[in-house]
Amino acid sequence: MSYVIGVDLGTSAVKTVLVNKQGQVAFETSESYPLSQPKPGYSEQNPEDWVEQTLVSLGRLLEVSGVPAEEIQGMSFSGQMHGLVLLDQDHQVVRPAILWNDTRTTSQCRRIEQKLGGELLQIARNRALEGFTLPKILWVQEHEPDNWSRAALFLLPKDYVRYRLTGDLAMDYSDAAGTLLLDITAKSWSETIATAFDLPLSLCPRLVESFDDVGGLLPEVRERTGLGETTRVYAGGADNACGAIGAGILSEGQTMCSIGTSGVVLSYEERKDLDFEGKVHFFNHGEKDAFYIMGVTLAAGYSLEWFRSTFGKELSFEALLSGVDEITAGADGLLFTPYIVGERTPHPDADIRGSFIGMDASHRLPHFARAVLEGITFSLRESIDILRESGKQITEVISIGGGARNETWLQMQADIFNARVVRLENEQGPAMGAAMLAAYGSGWFDSLADCAAAFLRTSKSYEPDPDRAEQYNQLFVIYQEIYNQTADLNRRLAAFRG
Ligand SMILES: Nc1ncnc2c1ncn2[C@@H]1O[C@H](COP(=O)(O)OP(=O)(O)O)[C@@H](O)[C@H]1O
Ligand SMILES: O=C(CO)[C@@H](O)[C@H](O)COP(=O)(O)O
């Protein structure tokens, strides 16, 4: 038997899957790590935690599956996007990684806009958002001169882990697209953007394709994990690019919804010259010379996780959500907005915060849990609507990520999106996408599309219920008003946050 490994470096955990030539997941493991919020709006992780837990996860995969190391032909990575890992000249980490959901960089975003004006959208094809990497680099430059003076190179999270496993320093196009330093269609680092902020191009690593072979595993990694010399390592991609590959989003007309820590609505995009005015993110795909567009809810699964850990600490997700399907659409007049760490699409606003609107003495825990699921899904519907307004036909959505584990939530997605929602046999989209990059890189298939045809299987489809879809349309109009009604209140409350 031959196998490949997909590693998904998520925000809550690293997940590894061992996949055979038929696309069956022979074994999977997950190892979590902490997220630190030293101040409101800050979000950091220790890169050493990622490396350690990836090694533990790979070791378990080998040990428990019992698969001989020589049967594992390839390995590739998917990673949380945008996180800044700064390295010094000796490739030592300079400071904790500043993550995608860290919103400390509003003033750096305004500086980028002032300096570059329309050139930013022309070159980087995205607007300056707090989560992207360039504003984080400028924040360190402004606020931590000692750390900045030591910085020689930056990497993104999965590229750092891959460096520690192979010794190779590189970044793939799909992840580089989220830095705001890449000329997206030219596929090169932008000298215009770098020089505008006095950044030497030597700060940027070598660029590679997601399916490029970047070497073998270091001897100490082989010893620690049980992997051998036969396993080649392929660069990998951004978690959303890998999620798209793992959901088979490889041609025009295909859309996915991913609910992990963040929430993403993503469509394959052939129209590379169309101006989306920065309303959605426009990124390079993991497939060669392909692109996708997407909208992002910053706290999707994270809102549910926050709600569970705050109000139902002893409950599993299954227990928390068990009574939710007994409550009707709209949770008896209770709405939730998932802005608990600020928002991106369609409201790029670091100060906005969440609300429960319409609390009534009759509401119980399941009402609140339902309102949280509905609020997250309404937020994703805002991205669906932007994609539809750009001319996309969205009649079917492949749902992946932790949010695809709950049947009620999948039906809710179908009703709120007014589209068929499809769950795959394996909802681990990004890890599967990484395994597919390794399978394609290893020469198992002629294209990623051929790999998707062989690997991906539908598990169940959820059709929208016309009555509930109509009810949700009416509720969505009220939901959409909450942002404007609460934006000023939250701006004034910002001064009182810890
Ligand atoms: N059984 C479940 N039912 C509903 N939602 C779930 C369930 N398990 C996990 N989730 C949601 O999925 C999120 C984690 O998704 P995952 O794709 O693993 O995240 P990430 O890749 O960001 O680490 C959790 O925060 C939670 O909101
Ligand atoms: O910032 C983005 C995309 O622009 C996020 O989607 C991150 O890539 C993190 O993803 P998850 O941990 O939620 O998978």
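These are my notebook entries on what I looked up in this predicted model.

**Ground rules**

I number residues from 1 along each chain as its sequence is written, and I letter chains from A and number ligands from 1 in the order in which they are written. Since this is a predicted model, local features need pLDDT of at least 70 and side-chain atom pairs count only at pLDDT 80 or more, while totals for chains, interfaces and linings use all residues.

**Entry 1**

The unreviewed entry puts "domain: Carbohydrate kinase FGGY N-terminal" at residues 3–246. I find 36% helix and 25% strand over residues 3–246, with the end C-alpha atoms 16 Å apart. Helices (H or I, at least four residues) and strands (E, at least two) are DSSP runs, numbered from the N terminus. Residues 256–441 come out at 34% helix and 20% strand, and their end C-alpha atoms lie 24 Å apart.

**Entry 1: D239**

Which residue does the "active site" annotation cover? According to UniProt (unreviewed entry), it is D239. I located D239 in helix α10, residues 239–246. Is D239 buried or exposed? D239 is buried, because 34 other C-beta atoms lie within 10 Å. For this label, C-beta atoms are placed from the backbone, and a residue is buried with 20 or more others within 10 Å of its own, exposed with 12 or fewer, and partly exposed in between. Leaving aside neighbours within four places in sequence, I list D8, G10, S78, G79, Q80, M81 and P430 as contacts of D239; a contact means C-beta atoms, placed from the backbone, within 7 Å.

**Entry 2: the two ligand shells**

I then collected the residues near each ligand, meaning those whose C-beta atom, placed from the backbone, lies within 6 Å of it. Ligand 1 is surrounded by 19 residues, and G10, G260, T261, G301 and G402 are the closest. Which helix gives the largest share of that shell? The answer is α11, with 4 residues. Both α11 (301–311) and α12 (317–320) supply at least two residues of the shell. Sorted by class, the ligand 1 shell holds 6 nonpolar, 10 polar and 3 charged residues. Here Ala, Val, Leu, Ile, Met, Phe, Trp, Tyr, Cys and Pro count as nonpolar, Asp, Glu, Lys and Arg as charged, and the others, Gly among them, as polar.

Ligand 2 has 16 residues around it, of which T11, M81, W100, G260 and S262 come nearest. Its shell splits into 4 nonpolar, 11 polar and 1 charged residues.

**Entry 3: helix α1 and what follows**

I checked the length of α1 (residues 47–65): its 19 residues at 1.5 Å each should span 27 Å, and the end C-alpha atoms are 27 Å apart, so the two agree. The expected span is 1.5 Å times one less than the number of residues. The buried residues of α1 are P47, W50, Q53, T54, S57, L58, L61 and L62. An α-helix has 3.6 residues a turn, so residues three or four places apart point the same way. Just after α1, G66 has a positive phi of about 70 degrees. P68 sits in the loop between α1 and β5 (72–79), and I count P68 as partly exposed because it has 13 other C-beta atoms within 10 Å.

**Entry 4: the nonpolar core**

A nonpolar core is a set of buried Ala, Val, Leu, Ile, Met, Phe, Trp, Tyr and Cys residues joined through C-beta atoms within 7 Å. The largest one has 148 residues, and I5, A435 and M436 have the most contacts inside it. Helix α13 (residues 365–389) gives the largest share of this core, 10 residues.

I found a cis peptide bond from T345 to P346, with omega near 5 degrees. L180 is not a glycine, yet it has a positive phi of about 75 degrees; L180 counts as buried because it has 27 C-beta neighbours inside 10 Å.

How values were computed:
UniProt positions renumbered as here; feature names shortened; annotations may be inferred. Contact = placed C-beta atoms within 7 Å.
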